[in-house]
Amino acid sequence: MKKFINSVDTLLDESLSGFAMAHADIVNFNKEPHFISRLAPTQSGKVALISGGGSGHEPLHSGFVGHGMLDAACPGQIFTSPTPDQMMAAAQAVENGGGVLFIVKNYAGDVMNFEMAAEMIDCSNATVLVNDDVSLPKNHSTGRRGVAGTLIVEKIVGAAAENGKDLAACKALGERANEATASMGVAMTSCTVPALGKPTFNLNDDEIEMGVGIHGERGHESMPFKSATEIVEQLSTAIEEELKPKKNQPVLLHINGFGATPLIELHLIYNLAAQFWQKRGVDIRRSLVGNYTTSLDMAGCSITLTLLDEELLKLWDAPVHTAALRWGM
């Protein structure tokens with residue numbers, strides 16, 4: 001294992017300190033317990049958006065703290081859920097009279113710890129559960145995982161909260177955006193968790209892993225390596241079967257890298273995915289390509305499609321100023 005680290009034990013602290021220094025115009029870093037919060041004050045009565053999860057998915061979630069998105073993010077250790085005391089401290093720091101909306105990826109540890117925090121904080125709160133990963137069936141024992149679609153939900157709900165929507169409206173909007181979003185990923189390699197020091201799983205040079213999550217876990221099938229066109233068609237077909245977009249349906253197409261796939265390949269994937277949807281008469285109104293919901297150094301990508309209406313489109317276009325997303329300011 002070759003990584004730029006001093007020790008496994010200090011990696012997260014040193015990384016978060018560097019992140020906060022690099023973006024000192026946007027965020028504060030609370031060291032004990034860990035959370036990243038928005039620097040600029042918010043309007044009284046604004047709903048506070050808080051998300052979080054294990055580290056290793058950067059820029060999710062800390063990179064999305066700022067105007068138009070999250071008010072705070074709670075980073076756990078690598079691929080490990082944050083603790084309830086982190087969420088409670090973050091809520092106390094950013095709640096401003098409008099209550100707190102937790103945006104939670106559907107992983108057992110995240111769900112449990114956010115539920116505990118929600119029960120213990122003394123302000124109005126609600127939760128949106130993100131479960132956009134269609135590689136798993138709807139009736140899976142633990143439900144579908146929250147993956148790259150989490151960014152979409154955070155951006156749309158963040159804009160609504162910035163515009164003064166109340167807690168119930170933000171929750172309903174988050175659930176609507178989640179229902180309109182589907183994702184699926186594929187990996188060429190596993191990732192290497194520093195504490196483990198070796199790849200989580202092994203693939204032969206002529207294999208790919210279809211349906212991976214974002215924690216280095218295996219997908220639902222190992223299969224022979226295929227052309228980029230064949231891979232995109234398999235991912236996109238699964239998404240199409242889930243969302244069933246109609247002709248002329250406006251959509252957002254998001255190609256997300258897992259950390260080790262260069263942009264030249266991600267843009268190739270976008271080109272192929274766009275052709276897939278355009279052949280079906282789908283109207284690609286907005287796009288996002290890059291490493292946004294990563295899995296450390298995994299080579300691979302995911303495709304996310306969100307069905308848009310005029311309200312969702314307007315909220316996606318609304319101004320945002322975070323470390324990782326910036327437009328309209």
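**Salt bridges in the model**

Reply: Asp133 and Arg145 join their side chains in a salt bridge, N to O at 2.8 Å (a side-chain nitrogen of Lys or Arg within 4 Å of a carboxyl oxygen of Asp or Glu). Both residues lie in the loop between S6 and H4, so the pair links parts 12 residues apart in sequence; helices (H or I, at least four residues) and strands (E, at least two) are DSSP runs, numbered from the N terminus.

The model is predicted: local features need pLDDT of at least 70, side-chain atom pairs count only at pLDDT 80 or more, and totals for chains, interfaces and linings use all residues. Residues are numbered from 1 along each chain as its sequence is written, and side-chain values use heavy atoms, leaving out hydrogens and water.

Asp133 has a relative accessible area of 1% and is buried (under 20%; exposed is over 50%, partly exposed in between, with a 1.4 Å probe and protein chains only). Arg145, at 10%, also counts as buried. Elsewhere, salt bridges with shared partners connect Arg38, Lys46, Asp71 and Glu162 in one network.

Arg38 is buried at 10%, whereas Glu162 is partly exposed at 22%.

The whole structure contains 17 salt bridges. Among them is the pair of Lys3 and Asp297, N to O at 3.2 Å. Lys3 precedes helix H1 and Asp297 sits in the loop between strands S11 and S12, so this pair connects parts 294 residues apart in sequence.
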